[in-house]
Amino acid sequence: MGWIPFHDAANSKPLFLTIYATVIVGIVFSSFYVFSAIYSADSSTWFSSSSSSSSSSSSASSLIHVDQGPNVSQRTDWGAVPAPPPKSPKSQNMWTRPIWEAPPRGEKRPSLKAFQLTKTLVEQRVKDNVIIVTFGNYAFMDFILTWVKHLTDLGISNLLVGAMDTKLLEALYWRGVPVFDMGSHMSTIDVGWGTPTFHKMGREKVILIDALLPFGYELLMCDTDMVWLKNPLPYLARFPGADVLTSSDQVVPTVVDDRLDIWQQVGAAYNIGIFHWRPTDSAKKLAREWKEMLLADDKIWDQNGFNDLVRRQLGPSVDEDSGLAYAYDGNLKLGLLPASIFCSGHTYFVQSMYQQLRLEPYAVHTTFQYAGTDGKRHRLREAKVFYDPPEYYDSPGGFLTFKPSIPKSLLLDGEHNLESHFALINYQMKQIRTALAIASLLKRTLVMPPLWCRLDRLWFPHPGVLEGSITRQPFLCPLDHVFEVNVMLKEFPEDEFGPGINIREYSFFDNPLMPKQVKDSWLDVQLCREGSPGCNVTNNTSSLGIRLPKHSTEEMFKSVFSLFKDVKVIQFSTMQDAFLGFTDKKTEEKFRKRVKRYVGIWCCVKGSDPGHIYYDMYWDEKPNWKPIPPQASEDDHPPW
């Protein structure tokens, strides 16, 4: 009705037309001015977040602004204090607001019912009909944050996290991570691989897949102990005919480019830590039967059940080009993601297969490791792809590091066999033992050196490296190949084992999260022969470096380094002959008792039962020590 007078005036009196037009334009202009003044602070934010193709771009900036390409994840200062994220429009809710945007202060968390998994909930996060999902309990909070951070850095926001306990749900909600309640009532602690609770988590995954597929969306299901390094969605879209695309434990390359692995040549287990499902009838049928199998028998491991079902019928190929094969019931079309770029813990950390084949990895899953959850976390830290808070990089008491010294003959000469492998490891172990003692004495965190191995470690007998793999010898091996990382991080009674010794990964100082104030506070310690010219610590101290006599006593260390308590990093030129030992015998005994537990086993010798060999932190004190498996059952125990 408001436009009728204007229409009448236009037909009857031109003067009134001009007047009415002027008034209306003035009202519109004034309204625009008022509203723009009110909302100017939020207008650019509102526009960018509502029109952006991915809300994760702004969500990532809640931690740090990242200037990067569209696909490759670049590590930045994750540990920085998050900047206040842009405010979302009032119409947005906890499911549609940008990731990392925390709920408004003072807002009460919605009831658990609001977090129940429904199609309505999922569709608010879906993009291009795809949803990416992981799940876990509170013990894996840092893994989950790392998983989300990598995806948002890649510009991906169509993700959800399933919370198996209320504590995790609460924590993720207040951090602005889209989360739903799985209703699992799971314990909040690390349940450990292979335990009954671990198997329950596996069954929950299958129940979740079966619940999600009927919603009609493509599902990229991931374990929390993996990270995305490159946007996988364009790759997965290359195979629109696939019902299921799964990763595997394959360690021998079947292709040297980014095609799917050749299914006829993959003999290893299909790994369900990374797999993509389309909501086809065949996929939904598989998920339903898989769920029913596990619920009927709680002794079946979820991954074994999946492999049994999928391999019930395997082949023929769907066509000549796609790499897909018929599987399961003869109708399901299956593709095997290439292990070179959808990496396992072996193809990434041991073989570095993607590097050797000059490929870009999409993902790394921390399988093939030997120290539980702590070992997984340490491996991701070694690769500089784990999210840690700022305090991790600026530890109280400071850090201790050293330049490892390895003769070329130990590293490269002769055959790669048990003797040469253990000679190389023992040489490095002795230096690390000294470094642990000095770190304990000075109450500093030890930055472990890179560790070189000649032989691979596995759970079963092998000739040194896996036949058909492209493992280079020697290779930079993960710390858990030799050291029990989970034991090193465990708390022991101090009155029995002495003070704890914190450690960091060998790549620690190369991490882009390392704060400048730590890098700039550095003291170099050059060892020298006592009595040689200039080897007098009282006359050569400076803010940049000192010369310290070899075989220095505990008293000498305490006296000298008490002057440098405020220095963040102390680096020794070598650890050989650096420390004479603890003065107090009880202190020495406690230290020995602690570090003897720090080393594990090498596995395994072919044709020997048992075939494992124990590493010995004090191998050099046993003149007849040799790298051989236990010769009798009473000898089959760690050397402590």
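1. The torsion about the S-S bond of Cys 603 and Cys 604 is about -85°, so this disulfide is left-handed; a disulfide is taken here as a pair of cysteine sulfur atoms within 2.5 Å. The sulfur atoms of Cys 603 and Cys 604 lie 1.5 Å apart. Cys 603 counts as buried at 5% relative accessibility, and Cys 604 is likewise buried, with a relative accessible area of 10%, where buried means under 20% relative accessible area, exposed over 50% and partly exposed in between, for a 1.4 Å probe and protein chains only.

2. Some remarks on the basis of these values belong here. The model is predicted, so that local features need a pLDDT of at least 70 and side-chain atom pairs count only at pLDDT 80 or more, whereas totals for chains, interfaces and linings use all residues. Residues are numbered from 1 along each chain as its sequence is written, and side-chain values use heavy atoms, with hydrogens and water left out.

3. By the distance rule the count comes to 3 disulfides. When the bonded cysteines of the protein are numbered in sequence order, the pairing reads 1-2, 3-4, 5-6. As a general point, a disulfide is a covalent bond between the sulfur atoms of two cysteines.

4. Cys 453 is joined to Cys 477 by a disulfide with an S to S distance of 2.1 Å. Cys 453 lies in strand S15 (residues 451–453) and Cys 477 in strand S16 (residues 475–477), so the pair ties together parts that are 24 residues apart in sequence; strands are DSSP runs of E with at least two residues, numbered from the N terminus. With 60° about the S-S bond, the link of Cys 453 and Cys 477 is right-handed. Cys 453 counts as buried at 1% relative accessibility, and Cys 477 is buried with a relative accessible area of 3%.

5. A disulfide also joins Cys 528 to Cys 535, with an S to S distance of 1.9 Å. The torsion about the S-S bond of Cys 528 and Cys 535 is about 75°, so this disulfide is right-handed. Cys 528 counts as buried at 5% relative accessibility, while Cys 535 is buried with a relative accessible area of 8%.

6. Two further cysteines deserve a line on accessibility. Cys 222 is buried, with a relative accessible area of 0%, and Cys 343 counts as buried at 1% relative accessibility.

Methods
Helices (H or I, at least four residues) and strands (E, at least two) are DSSP runs, numbered from the N terminus.
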